[in-house]
Amino acid sequence: MRLDRIYTRGGDNGETSLGDGARTPKFHIRVKAFGGTDEANAAIGVALLHIDDPEVRGILSEVQNDLFDLGADLCVPESPESTRSRLRTSAKQVETLEHHIDRVNEALSPLTSFILPGGTPASAYLHLARTIVRRAERDVVELAAHESVNEEALKYINRLSDLLFVLCRYLNERGAGDVLWKPGANR
């Protein structure tokens, strides 16, 4: 891929091109869905500025690349007539997330309460990324309610917020530094 021109003027009237060349309004749910994955990716990039752990950095670097794959998947509507092979999120990418979730979760102290976003700066920024992923997931689910969406894309975005949750806890001294919710504490 080579990008020589950064601006095209093609979006000046409120439309954008999808990956298959079709034009659509920038407010279309498909654009919201892949835009949300881009926003989540940026939030993970900010969180990485505060993360020193090499294993967590490696996992999140994989995730950032996978989020670009997910965006590429979402920006091209599925079409049974298409003869061109498109980049789609795969079951292997979902399985990799599940493997990371299981492995990281084993190192955590058991949950005794819901936790509040916070703790270390790294965890707090990753919690913010997690909530952005959840919003992106809602947009992908909404898109899937109206148009065909790769089911592995849906699974991936759902698992990703789970992974970010366990990584937040891991970065909070493996759960020991979690900020616990105290129901009704301020009534």
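In this predicted model, the buried residues of helix H3 are Gln 93, Val 94, Leu 97, His 100, Ile 101 and Val 104. These residues lie on the same side of H3, because they cover an arc of only 120° around the axis. They pack against H2 and helix H5 (151-171). On the other side of H3, Lys 92 and Glu 106 are exposed. Helix H3 spans residues 91-106 and reaches 23 Å from its first C-alpha to its last, close to the 22 Å expected at 1.5 Å a residue.

Salt bridges were then examined. A search of the whole structure finds 11 of them. In one of these, the closest N and O atoms of Asp 139 and Lys 32 are 3.9 Å apart. Asp 139 lies in helix H4 (residues 121-146) and Lys 32 in helix H1, so this pair ties together parts that are 107 residues apart in sequence. Asp 139 counts as buried, at 11% relative accessibility, whereas Lys 32 counts as partly exposed, at 42%. Glu 39 forms a salt bridge with Arg 135, with the closest N and O atoms 2.9 Å apart. Here Glu 39 in helix H1 is linked to Arg 135 in helix H4, 96 residues away.

A salt bridge of 3.4 Å, N to O, joins the side chains of Lys 155 and Glu 152. Both residues lie in helix H5, three residues apart, which is about one turn of the helix. Salt bridges that share partners also join Arg 134, Glu 137 and Asp 162 into one network.

Leu 49 lies in the loop between helix H1 (29-48) and helix H2 (54-74) and is exposed, with a relative accessible area of 69%.

Note on methods: Residues are numbered from 1 along each chain as its sequence is written. This is a predicted model: local features need pLDDT of at least 70, side-chain atom pairs count only at pLDDT 80 or more; totals for chains, interfaces and linings use all residues. Side-chain values use heavy atoms; hydrogens and water are left out. Helices (H or I, at least four residues) and strands (E, at least two) are DSSP runs, numbered from the N terminus. Buried means under 20% relative accessible area, exposed over 50%, partly exposed in between (1.4 Å probe, protein chains only). The expected span of a helix is 1.5 Å times one less than its number of residues. The arc is that of the directions from the helix axis to the C-beta atoms. Contact means heavy atoms within 4.5 Å. A salt bridge is a side-chain nitrogen of Lys or Arg within 4 Å of a carboxyl oxygen of Asp or Glu.
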